Amino acid sequence: MNNFGVIEVAGAKRTNAPGWAYVPDTGPAPTVLQPANRKRAARNQAKPTSSDISARQDTKIRKELEALDRDAPKDVNIPIPPKTGKAQTKYTPNVRKILQSQKTFTNHLDDYQALFALAETNPTAAAALNLIQSKPTPTHTPAATTARNSPAPPPPPPAPASNTTSKRSAAAAKRAAAREAKEAAEAEAAAAAAREAEAQAAAEAEEAAAEAEAEAEAEANAKKIDNDDDVEMADAPPDQTSATSTPERDSKEKSISPKGPQSYPPDGTILPAYQKPPPAAHPSDNDVLLVSPVPPFPTDDELRALMTAPPLSYLAARAEWGDAERQYPARTFCDVCGYWGRVRCMKCGSRVCALDCLDMHRQECVTRYGL
Amino acid sequence: MVGGGRQSQPAGPAPPSTTLVLDNGANTIKAGFVTGSRTDAPRLIPNCIARDRHRKTYVASEFEKCRDFGEIAFRRPVEKGFIVNWEAQKEIWDREFFDDKAPQKCDPSATRLVLTEQPNSLPALQAHCDQMVFEEFGFASYYRGIGPSFNAYQDIQAIFQTPREPDTTIDIPAEVMLLVDSGYSHTTVTPLLQGRPLHTAIRRLQVGGKLMTNYLARLLSVRHFDMRNEPYIVNEMKEAACYVSLDFNRDLEKTWKGTRGERREDYLTGAGIAKDYVLPDSHTRFHGILRDHEPAVSARARKGVVVTEDIMTLRNERFAVPELLFRPSDIDMHQPGLADLIMQSLSVLPIGLWPGLLANIVVVGGNTLIENFSQRLQTELLERVPDACVVRVGRPENPITSTWMGAANFAKHEHVERLAVTKQEYEENGAGWVARKFAAGLGVDS
């Protein structure tokens, strides 16, 4: 078809011509083909496009959440009652600045974010923000849950290093690889000696490394050493762990304890192994159906890395929806009575449960949107 | 309640004998002294400046004198769990601890301060706090630690009533625990090893007591009277009436009136869920009363018979409000519920730690007093973890002062000597050094 080189572009803008309109059928949202009141049709558009609905609803939801999060329904300004008799004391400059600050938490958070953004481009600002660490993404998925039941699941990867340290971590990985080769040679000699050497090597490396690199390196170290230990642990006969595990879960003093000291590295000093004799043997201890898999216990280095990790930033610690949460179906409730929201109002899209509540809702809806 | 520590000590290496332990919550301050091995009971101080409808202002513990809670407005120095407004906070601290007639008089120059803060604070706010403590109040020695970690400094196995031999040594701090702190501003999950928080796994859910109170106020305003300006009354109602539903669908079904013209049996009788709440009238009654639902009474009220009391029948509001802790998506909040929050926190930790953490979950904070909180959390967690895991959820006897009690034990523990910073050190090394020292925490012993 010759259209003289004119290509029609689907525009986001939709003119609402009175009389008729193309309306995309995008889902359950109610459609009003003909606005009853044609005056100011564009402004009173009864049925916005689907994208508009989500944007509008987003704003509405955000506003509602903000309202719920506020301390007071309206701004109150309660002045501090004047002190009687006590003369105003002198403040140090810092204190005066803090006392006179009228910043709210939101202001402080914005400042912090601005500083954070600056730190990404400016290394001097990054030094001021040395406490910040990137947040590890939640890795909990149903797949992970099933994987956990396998006899020797690999430990989850430690927190990924931030982008700025990618060079460093690469260097650390190289160094760690060299160390691994060395360790392998030593491991042939004697297992115990090897473990000592590992600890020593790790200690030496930590001392030698610059302070800034120490953390990334320790993480790499922990990973390497952990892998080695995993191999050692796999060598242990699985019967040992199953023999000591007990089906009487309620009698456990500490959850770790009943599994017996065998399943844990004997050199674990941060969380020492259970010293007391295990509970009395039960005839069905060796029952294949009752045996619980014992996950490998983290090594001291891994624990040390966890315990000495710097705090996350305020925003990083806020929990977000993971994949698992996204799968839950959204529950909708009746705006009037709080029962399930099974019916949607044709005019405004809010949910009600049944005709009774719909009538009640209409009274309010009419005053807001007209007939 | 007046603590010791009045005797002046020479400034020097000797640590002060008195410690002021302060759990500075958004709703209440928990404060008390630890002198030597003696621990005074903590005092709960409202952390607010309140103004009633007669424009009378109450600061902190003066609030006890307030009788008429209608249309009361609060100014709170703590926002989102962190001390933000020091002007108000200083006024409250001054009146409670430093003025001549203060109920808990304390001489900062001979006292150590152990202050709790919420995890993941902003560095600027932490710096403000340190500066105020040393430059304005002038405490001799000071430690600011995150509140959840103090809970490890108590006998947590006693909370779970673990059977054990009498000669068992009590681990202080507790070896492994997972602390859930559900307070006024938010809910946090903190895994702890030997009292050290595992910072990478701390997670926060922005649902707290305040949000639930506001949500209840909104629901009531739609269904009954406008209660949005009555935060205190609604909060009282929430504390008295709300419970966590163990079967949300069933309870919701029971409270439904039915469709047009229909009135279901459960709705009319109340089915054990509906309750009548008698609102305070500010003349004879200053606090609300919760009663079992009497259909006749509310029917009379509907017919316009003159009744002397304002009655509000609470039905699904009772459990829909605490439900937000477990399903924040009910108000379209894109955050995981509490059980998923714990799973997210665990997902960044080695699986070998899971059994220990899951078997030692301690819940603290005012929201945990809501009926069935622990049971619901335990049920939801059991659905999510492998069968072999033991899940125990324990609540201390008093979950509100639990953090304070732990902090008081901490003040007697040798760890406090390793962590506290003296005024002299602050003056020599500056605020940045103090902040770094506190952020680094205890480190690892071995």
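Student: How many bridges join S19(B) to strand S20 (residues 393-394) of chain B?

Tutor: In this predicted model, S19(B) and strand S20 (residues 393-394) of chain B are joined by 2 bridges, and the two strands run parallel. Within that pairing, Val393(B) of S20(B) stands opposite Ile361(B). Strand S19, which comprises residues 361-364 of chain B, also pairs with strand S12 (residues 176-182) of chain B, through 4 bridges and again in the parallel sense. Here Leu178(B) has Ile361(B) as its bridge partner in S19(B).

The side chains of S19(B) can be considered next. Ile361(B) and Val363(B) lie on one side of the strand and Val362(B) and Val364(B) on the other; all four are buried, and both faces of the strand are covered.

Chain B is divided into domain 1 (18-44 + 85-154 + 398-440), domain 2 (162-206 + 335-395) and domain 3 (209-320). Between domain 2 and domain 3 of chain B, the C-alpha centres are separated by 32 Å. Their contact involves 12 residues of domain 2 and 6 residues of domain 3 of chain B. On the domain 2 side of that contact there are 3 nonpolar, 7 polar and 2 charged residues.

Leu192(B) and Arg228(B) are 36 residues apart in sequence, while their C-alpha atoms are 39 Å apart in space. Arg228(B) occupies the loop that connects helix H5 (209-223) with helix H6 (231-241) of chain B. Because it has 16 C-beta neighbours inside 10 Å, Arg228(B) counts as partly exposed.

Helix H15 (residues 402-412) of chain B has 10 of its 11 residues buried, so the rest of the structure largely encloses it. Among the buried residues of H15(B) are Trp404(B), Met405(B) and Phe410(B).

An antiparallel arrangement is found in an open sheet of 3 strands in chain B, ordered S6-S5-S7. Its edges are strand S6 (57-59) and strand S7 (73-75) of chain B, each of which pairs on one side only. On average, neighbouring strands of this sheet are turned by 20° against each other, direction ignored. Strand S5 (residues 49-51) of chain B pairs with S7(B) over 3 bridges, and within S7(B) the bridge partner of Ala50(B) is Phe74(B).

The model scores ipTM 0.85 and pTM 0.75. Chain B has a mean pLDDT of 87, with 94% of its residues at 70 or more. Over residues 1-12 of chain B, however, pLDDT stays under 50, and the model has 29 contacts beyond four places in sequence for this stretch.

Terms used:
Residues numbered from 1 in each chain as written. Chains lettered and ligands numbered in written order. Predicted model: local features only at pLDDT ≥ 70, side-chain atom pairs only at ≥ 80, totals over all residues. Domains from an automatic or database assignment. Contact = placed C-beta atoms within 7 Å. Nonpolar A, V, L, I, M, F, W, Y, C, P; charged D, E, K, R; others polar. pLDDT = per-residue confidence, 0-100. Buried ≥ 20, exposed ≤ 12 C-beta atoms within 10 Å, placed from the backbone. Pairing = 2+ DSSP bridges. Axes fitted to C-alpha atoms, helices over the stretch in contact; angles between N-to-C directions.
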